[in-house]
Amino acid sequence: MAGVELLSDQGFRIDGRRPHELRKIECRLGVFRQADGSAYIEQGNTKVLAAVYGPHEVRGGRGKALHDKVVVNCQYSMATFSTGERKRRPRGDRKSQEMTMHLQQTFDATILTTLYPRSQIDIFVEVLQADGGNYCASVNAATLALIDAGIPLKDYVCASSAGFVRDTALVDMNHLEESSGGTELIIATLPKSQQIVFLEMNSRLHEDNLSAVMDRAVAGCTDVYNVLDTAVRDHVGETAAAIGGDAA
Amino acid sequence: MAAPMVKVPGQRLARKDETTKPGTGTYEQNGFIYSSLAGCVQKETSSDGSVQISVITDVQQTVVPSVEAIVTARITNVTPRFCKCSILTVGKIPLKEPFRGMIRKEDVRATEKDKVETYKCFRPGDIVVARVLSLGDSQSYLLTTAENELGVVIATSEAGASLVPISWCKMQCPRTLAEEFRKVARVQQEFLQYTDT
Amino acid sequence: MADEVRTAQPKEFYRKYLEQGVRPDNRELGEFRPTVLDIGSKNGSCISTAEGSALIRLGNTIVICGIKGELAEPKTETPTEGYLVPNVELSAVCSPQFRPGPPSEQAQVLSQFVANVLKNSQCVELEDLCIAPGKMVWVLYADLICLDYDGNVADACVLALTAALSNTSLPVVRVDEETGKTETDFKEEKKIQLTCTPISATSAIFEDNVLLVDPTRQEEELSTGLVTVVTDGKNICSLEKPGGSPLKDQQMRLCIERAFQRHTEACNLITQSQGSTLSTLTSPLVDR
């Protein structure tokens, strides 16, 4: 009866959060010098780094370059010390490949790809510590890194997960809550236009409960957006005085 | 001066109509102009009254060579039919990663295109200023130096010293006084700066 | 203008600076870049899923080290000793020069270098890692991931590894003699004792006669050779000069002197930075 441990009678979760509360998010843009754009994000105990290179010449031989848009290349990799048990293969296993493809599809839809034909943008995500919500943290970190690199985006991409335990929808699940076997819904949205870019659901969920879980997840995305937006504005504000743009 | 307003991707800037135009760092959707970068807004009013809105960042704009842009490249290979080079800067902006470019034999000069001997125009290691002709094939961009202001700007002689230009097709080594053939770029008088060597 | 000369003629650019005895980033020839260290353990943040961890920022080069312990059978030649398996990863994240794919030659050479440092300095008493002779020992996997490549990854890796090992604690494991079952006591933890702290100092040889300590990526590319000296404060643990321009006796002695100096600096740094979070990644960047 996993429900008993995950959500107490008073409505508190294992780590003391309420069902609608996100974990503490700390993030920073521009962490690396070599990469064109980089970001580091900590969502609770999940620590993820993202680095963006590009746009640059397409590598990997002829034929891969697209004549009218940029090629978005992603790589999702987990450090061997990121999980409780040492991970043998940091990348190349099926779960990482799947995550890589999801990231690539998500960002292909968000980057203004027609501006850089015959070029390639690389997005590398490295998970240093995994405690649930890996995909969400990766998407959030990659968004920040793309903004740091100055690559034009349609909007931010914010991701959040939600689950359903004891008739309550929980937002931003950590590893314990994810592995309890209940439903998990991961959603990535463009917050300003309220459009869904990516959606994935695991396990079974009664359709009556679907809207509650989705609403919780979308609300989670909006909360994440507020945090990321503050971080971006702070980062740009630090350098805004040097540019001297017009007040608008 | 009021603190500049920071705009983020996805933020609405203005409504699109006849007088407002989207500039760099913005995109248009559903009749509105949105920002696509995180930076400060800049409004430029042109002579006909239209306003161009753009968003500028302090981050070095990563540029990609576009058609008709002036680029600086280093020659890597020279063959009788073409020269391969690696593009270092686009205009004034240095690239983090060089792009590959190619100058065909017929694009080296504007006159006497078929009598060109590539070895007498460029040598590996020369720095040239060229213009992008087209995006080329998947391998490299197509460049041209068929203008007076385009061609070799920096070259090293066989003795290892920096060559000094004498005419549009010859350069001289200051150490050995030997002359070498190159397709030299004509630098405008006001940009010439003589340094003591 | 300086940027254009730097891109077009990097050797000339460096030559002009070295004539004055400084480097473009305002360092002396024998000066290391400012180093920041974040060390943590299972209880003390950094990476809590790892038994020991450290993040080092050497100028613009960032390397993170995570130590994980696993139980395994000992090697047949050494039934009473555990073993250490270092692995250096230079992936596409840290620099555009590395392509995604299997570990490059450079990464493999670095892994072997770190393994040699551990073996030659004997900093970890391998018998301490033994639980049941011949049956079960600790294997420590030290994974070093380079996150930002700006030269001198070798020194950064050695420092990160030493720092992480200095704060690694393993749970106590007891093996029942009769049944052969293992009992892990997560509450009781034993810290690894280091017999010494090996620290390395790399110098790049520029144009056959100038030695630049702690080279940046551009300096490494322009150099004609590299020298690495590893010391533990009293002895020289290893000395590597893989080819490159020939050096005179005095130049070698200069490298060794610098290595000893670096050792004192680094040890102070390690003692000061115990038990911190990954603050170097979240705090504002110091002007470089």
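Visitor: Which residues of chain B does the UniProt annotation "domain: Exosome complex component N-terminal" cover?
Guide: This is a predicted model, in which local features need pLDDT of at least 70 and side-chain atom pairs count only at pLDDT 80 or more, while totals for chains, interfaces and linings use all residues. Residues are numbered from 1 along each chain as its sequence is written, chains are lettered from A and ligands numbered from 1 in the order in which they are written, and side-chain values use heavy atoms, with hydrogens and water left out. UniProt positions are given in the numbering used here, with shortened feature names, and annotations may be inferred rather than shown by experiment. According to the unreviewed UniProt entry, the annotation covers residues 8-43 of chain B.

Visitor: How far apart are the end C-alpha atoms of residues 8-43 of chain B?
Guide: Helices (H or I, at least four residues) and strands (E, at least two) are DSSP runs, numbered from the N terminus. Over this span, chain B is 0% helix and 56% strand. The distance between the end C-alpha atoms is 16 Å.

Visitor: In the open sheet of three strands in chain B, what is the strand order?
Guide: Two strands pair if DSSP finds at least two bridges between them. S4(B) and strand S5 (residues 32-35) of chain B pair in the antiparallel sense over four bridges, and the bridge partner of B:Tyr27 in S5(B) is B:Tyr34. The pairing in this open sheet is antiparallel, and the order is S2-S5-S4.

Visitor: Which are the edge strands of the five-strand open sheet of chain A?
Guide: The sheet has the order S1-S2-S3-S5-S4 in chain A, with mixed pairing. An edge strand here pairs on one side only, and the two are strand S1 (25-29) and strand S4 (71-78) of chain A.

Visitor: Which residue in S3(A) stands opposite A:Ser38?
Guide: Strand S2 (residues 37-43) and strand S3 (residues 46-57) of chain A pair in the antiparallel sense over seven bridges. Opposite A:Ser38 stands A:Ala51.

Visitor: What angle does the direction of helix H3 of chain A make with that of S2(A)?
Guide: Axes are lines fitted to C-alpha atoms, for helices over the stretch in contact (heavy atoms within 4.5 Å), and angles run from 0 to 180 degrees between N-to-C directions. Helix H2 (residues 94-110) of chain A lies across S4 and strand S5 (119-129) of chain A, running at about 145° to S4(A). Helix H3 (residues 134-149) of chain A touches S1, S2, S3, S4 and S5 of chain A, and its angle with S2(A) is about 150°.

Visitor: How much area is buried between chain C and chain A?
Guide: Buried area is the accessible area (1.4 Å probe) that two parts lose on being put together, summed over both. The contact takes 37 residues from chain C and 31 residues from chain A. Carbon and sulfur atoms give 55% of the buried area, which is about 3,100 Å².

Visitor: Which residue of chain A forms a salt bridge with C:Asp143?
Guide: A salt bridge is a side-chain nitrogen of Lys or Arg within 4 Å of a carboxyl oxygen of Asp or Glu. The count between chain C and chain A is one salt bridge. Its closest N and O atoms are 3.2 Å apart, and the partner of C:Asp143 is A:Arg86.

Visitor: How many residues apart are A:Asp172 and A:Arg17?
Guide: A:Asp172 forms a salt bridge with A:Arg17, the closest N and O atoms being 4.0 Å apart. The pair links distant parts of the chain: A:Asp172 lies in the loop between strand S7 (168-171) and helix H4 (175-178) of chain A, and A:Arg17 in the loop between helix H1 (2-6) and S1 of chain A, a separation of 155 residues.
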